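User: I've got this model open on my screen and would like to go through it with you. Can we take it piece by piece?

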Amino acid sequence: MNKVLLFYPPGLMFQRGEDRCQQNIDEGSAQSMRACNDLGYAAAILLEKGYEVKLRDYQTEKVGMDELHADFSKFKPDLIMMSITNTTIFDDLKLINELKEKYDPVVVLKGALFYDPEQAMLDMLDLSHVDYMIGGETDFAIGGIADYALKGEGRIDDVLSILYKNPQGGFNFTKFHEWGQDLDNMPFPARELMKNELYTRPDTDEPMATIQTARGCPSNCVFCLTPEISGKCVRFRSPENVLAEMTECYNVHGIRNFFFKADTFTINAEWVKKMCTLIIESPLYGKIEFTANSRVRPLKKETLELMKKAGCFLVAFGFESGSDEILRQMKKGTTVAENLQAARWCHEVGLKFWGFFVIGFPWEKKSHILETKKLIMKADPDFIEITVALPFYGTPLYETCKENDLLAESPLGSDFFHSSMKGTMYLSLDEVMKLRKNILLSFYLRPKYILKKMGQCVNQPKVFLNYVKYGIKLVVNLMKR
Ligand code: SF4
């Protein structure tokens, strides 16, 4: 039987399963590692096809190279798949070269960087030991690659959104900008191979499963890879199929917390209503809790009320900016008034909420970033994260930065906390980073905020300790800069 090893390499903890949020979580605020669903889906598909599969998330298990080499020596995989990030790509490739030379497996890399890439970007990388690169959705590609590479079955050109080695040199591209549609027929991630206890809810430390409910986003945010990689047409799973996965998580794996991963969970109010109603009418009601992300448009207060009733403990909004001018330029399709309205509704409904903000866009002056600070204080979210605009390949932001000579030497090897931009047209990167630090400290160190958080966990000492832990981590990280 052919053997496949799917893994995240040892090292810092990056959200390697993400396309648009692939940051290092050690440098962010209160975020924990999300489950490695990209590996989990790939494992489930390969198991169905009769392969022997091993899955390891060495980075989150906090084990080193010794263990990785022990697995290679003992398991002897015929094919390996590793998830890469834009930030870690150079180190990832060094490791792949070493593994290929020592063990000679078929090498598959998976990452947003390989979505219909420019030749100039590929030329920056040593891909001599790589056989296949998946730029799109792993679950629709890995089975076809394994069958072709290991059994000589199928046509590699039929596999969507991949690059494969051309014996004459370079790589051939298959079809990009097409997406698999049948999400309900996908097996659930192979959680029996995942160490589910590693992926936890930040406040309680309980295991939290990531459940992908939909893919794609019709919006045009200039910094985001989603419309490019997952398409502008939203593909939903049926609520029944999502509930079946939740039930399996609860009954088989003892997981009662869920992150509903969708580019915008609330984009279709009718779908959310059906999902929440199903949960409320199911045996899981009152036993499970979930979190999800949302845009502030479209959004209804009734949707938030129903989500809260069904067990939502936190909703995360991409507010992005407190300046209407910057929101317009980043093509967010929302306004500051809508940001404030969403925040007000959450306060009224009693639903905790995260605010995500991005600063350092090419058009931003100090006054724009201070408007964002004003919005943050006024909206008063439970938690915030401020990232610095990162021009991913394939996004309109990348083109704008290129045209305005704002790109640092290489747009690779950086992340949301160390942007590859030189700064904005008006501010240096250093000035942007100082503003980020100022806003985060001003927000989190407010006596009113600290007292509110202490009040929220009077009877939950573990939650209180986690708040303190994340608070200290954030302050230490900010002071290092
Ligand atoms: S709303 Fe914008 S940031 Fe969010 S997934 Fe869609 S395009 Fe990306």
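Predicted model: local features only at pLDDT ≥ 70, side-chain atom pairs only at ≥ 80, totals over all residues.

User: Which residue of E15 is the bridge partner of Phe356?

Analyst: Strand E14 covers residues 352-359 and pairs with E15 in the parallel sense over 6 bridges. In E15, the partner of Phe356 is Glu385.

User: Is strand E11 enclosed or open to the outside, going by how many of its residues are buried?

Analyst: Buried here takes 20 or more other C-beta atoms within 10 Å of a residue's own. Asn257, Phe259 and Lys261 point one way from E11, Phe258 and Phe260 point the other way, and all are buried. That makes 5 of the 5 residues of E11 (257-261) buried, so the strand is largely enclosed by the rest of the structure.

User: Why do the buried residues of H10 line one face of the helix?

Analyst: In general, an α-helix has 3.6 residues a turn, so residues three or four places apart point the same way. In helix H10 (residues 301-310) the buried residues are Thr303, Leu304, Leu306, Met307 and Ala310. They line one face because, seen down the axis of H10, they fall within an arc of 165°.

User: What do those buried residues of H10 pack against? And which residue just after H10 takes a positive phi?

Analyst: The buried residues of H10 pack against helix H9 (269-281), strand E13 and helix H12 (336-349). As for the positive phi, its value is about 120°, and the residue just after H10 that takes it is Gly311.

User: How many residues of the shell around the ligand are charged?

Analyst: The ligand is surrounded by Cys217, Ser219, Cys221, Cys224, Thr226, Pro227, Asp263, Thr264, Arg295 and Gly318. Of this shell, 4 are nonpolar and 4 polar. The number of charged residues is 2.

User: There's another open sheet, with 7 strands; which strands stand at its edges?

Analyst: The order in this sheet is E2-E1-E3-E4-E5-E6-E7, and the pairing is mixed. Each edge strand has a single partner, so one side of each is left without a neighbour in the sheet. The edge strands are E2 (52-57) and E7 (171-173).

User: At what angle does helix H1 run to E2?

Analyst: Helix H1 covers residues 37-48. It lies across E1, E2, E3 and strand E4 (106-110). Its angle to E2 is about 170°.

User: Which residue of E4 does Ser83 stand opposite?

Analyst: Strand E3 (residues 79-83) is joined to E1 (residues 3-8) by 4 bridges, the two running parallel, and in E3 Leu6 has Met81 as its bridge partner. On the other pairing, 5 bridges join E3 to E4, again parallel. There, Ser83 stands opposite Lys110.

User: Which residues point the other way from Leu79, Met81 and Ser83 in E3?

Analyst: In a regular strand the side chains alternate between the two faces of the sheet. In E3, 5 of the 5 residues are buried, so the strand is largely enclosed by the rest of the structure. Leu79, Met81 and Ser83 point one way, and those pointing the other way are Ile80 and Met82.

Methods: Residues numbered from 1 in each chain as written. Pairing = 2+ DSSP bridges. Buried ≥ 20, exposed ≤ 12 C-beta atoms within 10 Å, placed from the backbone. Arc of directions from axis to C-beta. Contact = placed C-beta atoms within 7 Å. Near = placed C-beta within 6 Å. Nonpolar A, V, L, I, M, F, W, Y, C, P; charged D, E, K, R; others polar. Axes fitted to C-alpha atoms, helices over the stretch in contact; angles between N-to-C directions.
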